[in-house]
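Please read the points below alongside the sequence and the model.

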Amino acid sequence: MTILCVRFQLPPMYEAALPGLLGLLEEFTPVVEALPPDGALADLRGAERYFGRSAVELASVIRVRALARYGVDCVIGAGPGPMLARVALRDARPGVTCAVPEDAVAEFLAGKPVAALPGVGAATARTLDEYGLDTLGRVAAAPLSTLQRLIGAKAGRELREKASGIDRGRVVPNAVARSLTTERAFGIDELDPARHRRELLSAAEEIGARLRAVEKVCRTLTLTVRYADRSATTRSRTLKEPTAHSAALTRAAYGMYEALGLQRARVRALTLRAEGLTPADQASHQLTFDPVDEKARRIEEVADRARAKFGPRAVIPGSLAA
């Protein structure tokens, strides 16, 4: 095991702690790739030799230090490569690192659903499932020509390699992306699109309020929909102009949601992430003569002043929708 995939159990409002947690990983290796808002990949090949311990043993030390220094627990997957470490993370739980056996990678993957592979969305999984290719073992055993006919030449070849345990990825060191994230989790898997939209409205208003509180605007909005089977779909949209305006963020969130074309999808959680943050005073704003838009902006200013004076609960998310 040489690669760790770590997911810190950070509440959505505390993603600002991620840089410090990445620094903890960098005490063991300089090869750390941030996976905002709450995760990272770490290549421990050099650390294993230096410390004389395996990656799984080092994972235990990382977990203890994260708890001791930050009060944050984490789940960790370990594998010979980044993709395999991510797959292992799905089976990990706090206190127990899940590791892919180096001499039995194919066997480890064989019984897992196709959606367990990073980058395989719900639509691709459904297409393969219709032809009986519902596990990675069956995908690995399928003729390459069949996979390419179903999902395309390049995608079919890459999927077959990954299902067979061939991991060509590598950890690319980077800086943590500047972003703000909020999540709306449902108590039970939610089928009702109206409930989905209501929570998206609430999330967009929260993101907008938090951006304005730190005097930032965002250029990109990302929506992640997590389903009952633990798979997820992620979509990003570059905004027409950098903004912290809740109405604009809501329109972008609704647009991404509607483009997914979900039909009776059992949704477990919705996550919105604002990326590409820049100072608000450096951003340009297209003037508009729309009185409704200008009224909404004035209401936002009043609501922001109320939050600053009385706290975040002074204005209930979703209450400005009318």
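1. Glu33 stands opposite Leu41 in strand E3. E3 covers residues 39-43, and its antiparallel pairing with E2 runs over 4 bridges. Two strands count as paired if DSSP finds at least two bridges between them. Helices (H or I, at least four residues) and strands (E, at least two) are DSSP runs, numbered from the N terminus.

2. Helix H4 (residues 82-89) packs on the sheet and touches E1 (3-8), E2, E3, E4 (74-79) and E5. Touching is contact, meaning heavy atoms within 4.5 Å. The direction of H4 makes about 135 degrees with that of E4; axes are lines fitted to C-alpha atoms, for helices over the stretch in contact, and angles between N-to-C directions run from 0 to 180 degrees.

3. The sheet is open, with 5 strands in the order E2-E3-E1-E4-E5 and mixed pairing. Its edge strands, E2 (32-35) and E5 (98-99), each pair on one side only.

4. The model is predicted: local features need pLDDT of at least 70 and side-chain atom pairs pLDDT 80 or more, while totals for chains, interfaces and linings use all residues. Residues are numbered from 1 along each chain as its sequence is written, and side-chain values use heavy atoms, without hydrogens and water.

5. Arg264 lies in the loop between helix H11 (246-259) and strand E9 (267-275). Arg264 is not a glycine, yet its phi is positive, about 55 degrees. Its relative accessibility is 65%, so Arg264 counts as exposed (exposed is over 50%, buried under 20%, partly exposed in between; 1.4 Å probe, protein chains only).
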